[in-house]
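Hi everyone, thanks for coming along. I'd like to walk you through one model today, so let me put it up on the screen.

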Amino acid sequence: MEKQQSILIIGAGPNNIQHGDEVDSATYQVATYLHRAGVTTILADNNPFSYSLNDSSVIDYSSIGPLTVDHLIALIDQYHPQAILPTLGNRQAFLLTQELMEKGILREKEIKLLGIPEATVRQVNNPILLERTLRRMDAPMKKISTVNNYPDALEEANKLGYPVIIRSVLPKITSTRQIVHDQSELATAVSKCLSQSRAGQVYVQQSLAGYKEIEVVVQRDKSGTMMMLGMVEDMDPIGIHAGDSIAFNPAQTLLDRQIQDMRDVAFAITRKLRIVGINHIQFALDPVSDHFYVIKSSPYFDRMVSFVAQSTGYPIAMVSAQLYLGKTLREIDLGPGFAKHAALVEPVMDHIAARVPVWGFSPEQSQKQLLGTEKKSIGTVFGIGRNPAEALFKAIESRYHEPTDFHLKTQAKLSEDELIDRLVHPHAGRLFSLLEAMRRGYTAYELVEMTKIDPFYFDQLSKMKELIGELIEHPGKEPVLVKAKHNGLSNQLIAKLWETTPKQVYQMMQDHNLTVKYKEVEPSAGEFDQHTQTFYSAYEDENEALTLPQPSALFIGTGGLRLGLSNAGDFFVASMMMQLHRQNYHTIIMNCNPSSVTLNTLIADKRYIEPASAENVLSVVEIDQPQLIFIPASYTNLLETLKKYDLQSKVITLPDDRLGNLKPKSNQLLALDYLWDGNTAKFLTSTAALQSAINLDYEMVNLRLPAEISNAELTQLQNKAQNVIEQQVNPGFYQVVFEQQGMEYKALTIQSVSLPEVAFLSKSLGINLPALLGQVVSDETFNLASVEIPQPRGTAIYRASFPFESLHMKTEETPSPDKVIGAEIQFMD
Amino acid sequence: MAARYLIFEDGTTFAGDGFGSPAVTFGEVVFNTSMTGYQEIITNQIYDNQIVTFTQPNIGGYGIQRNIYESIVPTIKGVIVRSLSNVATDNIRRLTLDQYLKQMNIPGITNIDTRAITHKLRDAGKPLKGSIVPVPDDHAFDQLHATVLTNQQVAQVSTPKPYPNPGVGMSVVVVDFGLKNGILRELSRRKCNVTVLPYNASADEILRLDPDGVVLSSGPGDPHYVKSSVLEMIRKVQEQVPLFGIGLGHELFALANGAQVIPLCVEHHGMNHPIKEIITDHIVYANQSEGYTVDWSTVDRSKLFVTYTDMIDSSVQGLRHRQYPAFSVQFFPDGAPGPDETDGLFDEFIDTMKRKEERR
């Protein structure tokens, strides 16, 4: 192995609509492996919610600072890394890397790039360059030609077949792009785009809309060995952003011939770009002609890579880390639990994973959200089952904390015209409209015609529709209950359809000896005796989940990303898990977000990919008998339900991630933040609200730490605050909020510190606060009073960002804490 | 769907629902871990006498397609799968998998714990006989115990009569031991003029056609039960023309050249094992379907050398003759289903034939 003494990892920055939490988990795994190999790891990031950035046990130098080339140069001067890893920071890291290349820094300092050659960085950053390379290697690309008059455009359009896309070459102001559905629309589009073109030319380009979208993840080592790790198929055709589509791994509607052809092209591209590590390639497949086209190649960690890793059980990030250090696949040992050379065995699945998007807004609002080529979802959840419908049912139920009824009643109220409109113009709740259409007697072929969705999915939807129908028709009947459980329906949904309680359904299952089994997500489909300790439920014969040794602690993850929480929830839960892990607890996680850092094998000893419902928690408790169960306060339903059962485990409610509803009169607010263990109120720091630049209506979305107040004032306020904190019953993070009125500070309220703020505080103080809380609640010998809270590393600023622009929402939307999509942290000089 | 049961000779029973033909079926139960190409697997004649458990959870997603059969009359004894889709993808005239299996009289069982079955087969350490039945009673088990599976599978599935697959390129004789269409497809892509002969064709009958080369096809069962005259044929033919053995053809080529072939404890059917090409040290993936393997220690190094090996079980995956232009592979370089990474072997075969032609 080549020796690399230190490696700079370029982080991903604040979450936004394009990317969420997907790289945090990979970063943590890669950094852990590098660290264990004796490498000094430097992580540059400014995402306050990052778990990796807070873990000094694997990141030697966490550098919180703006993701700009100047800051990176400063870091390079400070730490002298021998190599830079650009694959854990999305596209932005590639752009920054290219800037470093162009400034000559890499050459001057003899810094190597890991995983990606310089030429490839340029190509990934420049679609035109990449397209040229791909055409030169005869990869199938969409057809495109340049013309300068209408007759030529007409000839090209006729050759391509409608619809075609007309675009200006070198557009004058904004890029004009017109979809032309038939000849009658062509002349207008061409003349409009011609007039917009500085070159007097337009592109006539084949439209891929309506084709199948296929995503492939492949892997290559430095010796050229290549493997396919997964092929994921989107249910929705091209025209809807891949991130907004329901997706299945493995692909279900593709012929072997098509799969092998795409595999060959994916390999050829990865070889041509000389990538070491992973590459995610998207294809468009025309189901009629069988032709397929390369859309995009993304040789970095993204949501698809994490989905493939979680759904196959193949430890992609851990393998990539070793590839970056120069190992070949045949030299990689996946460790205990895996067969010899398992790193070289292409993962196969004996289960199906369905991924569904999570929308930013309430279900009612989301229903109306129209989908298109721009991404609208803010996160994903997934479900695993032994048939496609089961996986999909579970995924849908994972989407919200509360049980869903599939919006059956609202759908039933739609008029025929409204329904057709929803089928033809896809919106966020399209799946439910499709079910409703099938209920109303639309045939699969009619729906295929209207939606361009493959007939396979209508077979699945029709099974789902029939099952729901059967349940409604036969309340309380055992055979249909058995069938429903085999297909992944939750007791909550069954209870809703039967108009009874989940507990009654649970009782009925007990009476009929209908017990859940757990199957392992294992990448050889049972061929080898391998164990990943990742499980999903199935109502079948064989159970594979065995009781973990004691002591153990079960954590319920915060699920898919939500506005307001962003991935602060994952940071919080993962930090506590790691603390319990350090206290020799065996950690168990139940979560359904494929990108979550909590599903990391280094943090969780055992993983259940399940929606966090009472029945799932109860079955896991029965198997693992954890001493402690940690549940986020937002799962009110779950917490209530569990109270009704006589559990041997102690349930600990994780701090509320929802926020208080402050309506202060002025914007002169400051808060004193404490950790309270029941005896000691430990002062952490003070925070002050910053005026929001976006909106003058004051909301506590931008923060400054510490607040600018004198020591005398601080002591005075501390005395006041201390009293209030000491009246709290439960341990946790609390803040007392003061409002400045004239020269006076008046105590407004006491509230839990929001999880995003806890994450911000942790980064600013350089201490992992959730881990501290973990110790408070689980270690009786722990003495909080003796803990030294570090001084802030400087003045830290927290700036929240909002998705309004990306979602084209009305500008009068107030930027409030519950709509935050991401945030950045910065230290003032 | 009616309730059906999969019963094993060791007395175990798995419950499921029937699809395809309602007939009672017997066979050796194996599992296949491929995630693609159910139609090609079901129509591969290598599964004569066998009931195949698909570990991929769902099949039938695109119905039956007209251009991907691996044989026209499939001889597989049964299909086991967790979940079945009922899709005919076309508005023209296509069948669902269920309809097709009914037409072909092949029973299937679904909604069954295929992962548990796979674990059972993996741990059994020997091939297990099983049966798909409507009632798992004593009678069914008695019948299963009494059933003797034929060992003359090749004779059953091979073509009784020669037939041509004309082309304009090299002339190739394919000896049919249970031919997989993929072999013909690859030869046809290379424009070969193919004549398919029955498995028991003699060397004289083959050489009389003056072929540029001979392919020994894949096929089902134990190579030891294939007539010994076949081995003589191979020994004679390899001296005269380039020879390419695939699957069972590879095992017969090994036997003809003095190596021994032994049964595997667990049959291997899948496409995800790394296979190393020894001379280049490259790793490739290919469709593998094998119940037998060449015993590496018995390979006579004066005659043969090993060209490919499976990195998981260290088995022999390819052989080449030292004196003659003859080579063979255990895996299926024609894919269907499976990766294309080894289809260059057909080009190599064509090149070998051309070089031989030039030397003449």
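This is a predicted model: local features need pLDDT of at least 70, side-chain atom pairs count only at pLDDT 80 or more; totals for chains, interfaces and linings use all residues.

For the complex, the predictor reports an ipTM of 0.97 and a pTM of 0.95. Chain B has an average pLDDT of 96, with 98% of its residues scoring at least 70.

Now back to our two strands. β2 and β8 are part of a barrel in chain B, which 7 strands close in the order β1-β2-β8-β6-β4-β3-β9. The pairing around this barrel is mixed. On average, neighbouring strands of the sheet are turned by 35° against each other, if you ignore direction.

What packs on this sheet? Helix α3, residues 114–124 of chain B, lies across β2, β3, β4, β6 and β9 of that chain. It runs at about 90° to β3(B). Helix α4, residues 138–146 of chain B, packs on the sheet too, and there it touches β1, β3 and β9. The direction of α4 makes about 140° with that of β9(B).

Next, the annotated positions. An unreviewed UniProt entry carries a "binding site" annotation that covers B:Gly219, B:Gly221, B:Leu248, B:Gly291 and B:Tyr292. These span 74 residues in sequence, yet no two of their C-alpha atoms are more than 11.7 Å apart, so they gather at one spot.

Let's look at two of them. B:Gly219 sits in the loop between β13 and α8 of chain B, and it counts as buried because it has 28 C-beta neighbours inside 10 Å, where 20 or more are needed. B:Leu248 is in helix α9, residues 248–256 of chain B. This leucine, B:Leu248, is buried as well, with 29 other C-beta atoms within 10 Å.

B:Gly219 and B:Leu248 are in contact with each other. Beyond its neighbours within four places in sequence, B:Gly219 also has contacts that include B:Gln45, B:Ile46, B:Val154 and B:Val157.

You'll find it in the loop between β21 and α10 of chain B. Setting aside neighbours within four places in sequence, its contacts are B:Lys180, B:Gly182, B:Ile183, B:Arg185, B:Glu186 and B:Asp343.

Finally, a quick look at chain A, which has 27 helices and 30 strands. Its radius of gyration is 27 Å, close to the 28 Å that the globule rule gives for 829 residues, so chain A is as compact as a globular protein of that length. The C-alpha trace spans about 80 × 75 × 60 Å along its principal axes, and buried residues make up 55% of the chain. Of the chain A contacts between residues at least 6 apart in sequence, 69% join residues at least 24 apart.

That's my tour, and I'm happy to take questions.

Technical notes:
Residues are numbered from 1 along each chain as its sequence is written. Chains are lettered from A and ligands numbered from 1 in the order in which they are written. Helices (H or I, at least four residues) and strands (E, at least two) are DSSP runs, numbered from the N terminus. The radius of gyration is taken over C-alpha atoms; the globule rule is 2.2 Å times the number of residues to the power 0.38. A residue is buried if 20 or more other C-beta atoms lie within 10 Å of its own, exposed if 12 or fewer, and partly exposed in between; C-beta atoms are placed from the backbone. Two residues are in contact if their C-beta atoms, placed from the backbone, lie within 7 Å. Two strands pair if DSSP finds at least two bridges between them. Axes are lines fitted to C-alpha atoms, for helices over the stretch in contact, and angles run from 0 to 180 degrees between N-to-C directions. pLDDT is the predictor's confidence in each residue, from 0 to 100. UniProt positions are given in the numbering used here, feature names are shortened, and annotations may be inferred rather than shown by experiment.
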